[in-house]
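Dear colleague,

Please find the structure below, handed over for your review.

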Amino acid sequence: MGGTEHLTVRREGATLVLTLNRPDARNALSLPMLVGLHDGWLEADADDGIRSIVLTGSGGSFCAGMDLKALAGNGMEGEHHRDRLKADPDLHWKAMLRHHRPRKPVIAAVEGYCVAGGTEILQGTDIRVAGESATFGLFEVRRGLFPIGGSTVRLQRQIPRTHALEMLLTGRPYSAREAAAIGLIGHVVPDGTALDQALRIAEQINACGPLAVEAVKASVYETAELTETDGLASELARGWPVFDTADAKEGARAFAEKRAPVYKRA
């Protein structure tokens, strides 16, 4: 199991928990954190025993965005990871879920600050839970910067365009309640309980057929920008083979026998 000085990895049953671990900087993105995230996504993809992923932060914050000084290196934290970025110049975009989509569902558990690059990573996750005092926002324009982690493309596809443009163009903070009202997050829970709720959702996913779960996730993203006709054709091609799996047969048997199914990804 991987991890770096700014990213911890642990297993909770069939769930891989990735924790941004730089609390003194509100978990601002550093090179060690990005390397750890990249490796965590790949670990989840490669291990069939992992059925879901939870992404969270330590110290009461999710992520306060990119630490440009730390990423640049120049003798600062994480210089020993510099060779990883040289070997794969796209590593940071994969880590931030801009250029990589894990096969397994990704659930974000947000407390505190989830702003700038934090809100950009959030858009790459599938299910989102936040403590009621969490803060969201894309602050880049206030600093004369561009939210290049994917927000000008993704945000308008995930929430109504008028809300997306307001968030992008004002750079103002959003409360958890407001973020939920516009559809950016799905659950608002008492502070300090976001991770618990995310793990409960993960357990529900883990109890389902893993081949079906992965196929459903893939189909949702594959068909998002297709016409209805093309989307239905794509769904059929993706979904029909699932019915011929041993997992599907096990699910039917378990239902008939009134017991919990035992899935083997077959």
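**The sheet**

In this predicted model, six strands form an open sheet with mixed pairing, in the order β1-β2-β3-β4-β6-β9. Strands here are DSSP runs of E with at least two residues, numbered from the N terminus, and two of them pair if DSSP finds at least two bridges between them. At the edges lie β1 (7-12) and β9 (187-189), each pairing on one side only. On average, neighbouring strands of this sheet are turned by 20° against each other, direction ignored; the axes are lines fitted to C-alpha atoms, and angles run from 0 to 180 degrees between N-to-C directions.

Strand β6 (residues 127-131) runs parallel to β9, and three bridges join the two. Within β6 and β9, A130 stands opposite V188.

**The cysteines**

A search of the whole structure for disulfides (pairs of cysteine sulfur atoms within 2.5 Å) finds zero. The sulfur of C63 is too far for a bond, because the closest cysteine sulfur, in C114, is 7.2 Å away. C114 is likewise in no disulfide. C63 is buried (under 20% relative accessible area, with a 1.4 Å probe and protein chains only), at a relative accessible area of 0%. C114 is also buried, with a value of 0%.

**Notes on the model**

Residues are numbered from 1 along each chain as its sequence is written, and side-chain values use heavy atoms, with hydrogens and water left out. As the model is predicted, local features need pLDDT of at least 70 and side-chain atom pairs count only at pLDDT 80 or more, whereas totals for chains, interfaces and linings use all residues.

With kind regards

Terms used. Helix = DSSP H or I, 4+ residues; strand = E, 2+ residues; numbered from the N terminus. Buried < 20%, exposed > 50% of the residue type's maximum accessible area, 1.4 Å probe, protein only.
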